[in-house]
Amino acid sequence: MERRDPDNSGSERDLLEQFLDFHRATLLQKAEGLTAEQLRQKLPTSDLSLAKLLKHLALVEDDWIQFRFLGHSEAEPWASAPWDDNPDWDFHSALDDDPDALRSLYKAACERTREAINGANLDDLAVRVGRDGEQWNLRWILIHLIEETARHNGHADLLREAIDGTVGE
């Protein structure tokens with residue numbers, strides 16, 4: 001996934017998609033070229049690692065788009081995860097995953113999202129309704145994906161710098 005700055009102007013839809021792609025590519029850039037041991041490395045003040053962030057954000061993409069927005073059943077690896085026993089399974093299991101598999105899982109989830117929203121209207125509502133009866137439109141979901149990915153990119157910046165001194169966007 002090529003990392004490109006979003007355009008300075010454009011339609012709401014184009015800018016939302018460009019900003020999300022920018023932040024997705026930023027995360028992949030932070031995880032690029034690292035070994036399994038490096039991807040598992042954490043800071044003394046946090047339990048987060050780049051491995052955990054990659055798997056968690058793959059789950060976030062699939063949960064919001066495939067499961068909630070489209071109403072599909074959960075696919076693997078999420079469908080068979082022991083969520084009842086381990087609510088943070090995505091974070092915990094990432095430590096056992098191969099680095100290339102983690103990067104591929106995230107890239108595949110991002111691609112599924114791109115395909116799923118192609119042609120959808122920003123005002124389209126999610127098929128699934130929340131516990132309190134709330135329902136989200138695609139615009140809200142995309143903004144949430146941008147927010148969560150960007151927030152975790154802040155964590156990724158700190159983690160990557162601690163691993164090998166690499167700094168920058």
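In which loop is Pro-77 found? Pro-77 lies in the loop between α3 and α4 (89-93); helices here are DSSP runs of H or I with at least four residues, numbered from the N terminus. A cis peptide bond, with omega of about 10°, joins Glu-76 and Pro-77. Most residues other than glycine have a negative phi, and most peptide bonds are trans. Just after α3, Gly-71 takes a positive phi of about 85°.

The model is predicted, with local features needing pLDDT of at least 70 and side-chain atom pairs pLDDT 80 or more, while totals for chains, interfaces and linings use all residues. Residues are numbered from 1 along each chain as its sequence is written, and side-chain values use heavy atoms, without hydrogens and water.

**Helix α3**

Helix α3 covers residues 50-69, and its 20 residues should span 28 Å at 1.5 Å a residue, the expected span being 1.5 Å times one less than the number of residues. The end C-alpha atoms of α3 are 27 Å apart, which agrees. A kink of about 30° is centred on Asp-63; the bend is the angle between axes fitted to the seven residues ending at a residue and the seven starting there. Of the 20 residues of α3, 18 are buried, so the helix is largely enclosed by the rest of the structure. Buried means under 20% relative accessible area, computed with a 1.4 Å probe on protein chains only.

**Thr-149**

Thr-149 belongs to helix α6 (residues 138-164) and is buried, with a relative accessible area of 2%. Leaving aside residues up to four places away in sequence, Thr-149 touches Leu-20, His-23, Arg-24, Leu-57 and Tyr-106, a contact being heavy atoms within 4.5 Å.

**Pockets**

A pocket is an open set of points on a 1 Å grid over the protein atoms alone, where a 1.4 Å probe fits, with protein on both sides within 12 Å along at least five of seven lines; lining residues have an atom within 4 Å of a point. A volume is the space filled by probe spheres set on the points.

| Pocket | Volume | Lining residues |
|---|---|---|
| Largest pocket | about 230 Å³ | three nonpolar, one polar, five charged |
| Second largest pocket | about 190 Å³ | four nonpolar, one polar, seven charged |

Asp, Glu, Lys and Arg count as charged; Ala, Val, Leu, Ile, Met, Phe, Trp, Tyr, Cys and Pro as nonpolar; and the others, Gly among them, as polar. The lining of the largest pocket includes Asp-63, Phe-67 and Arg-68. In the second largest pocket, the largest share of the lining, five residues, comes from helix α1 (residues 12-31).

Key
Helices (H or I, at least four residues) and strands (E, at least two) are DSSP runs, numbered from the N terminus. Buried means under 20% relative accessible area, exposed over 50%, partly exposed in between (1.4 Å probe, protein chains only).
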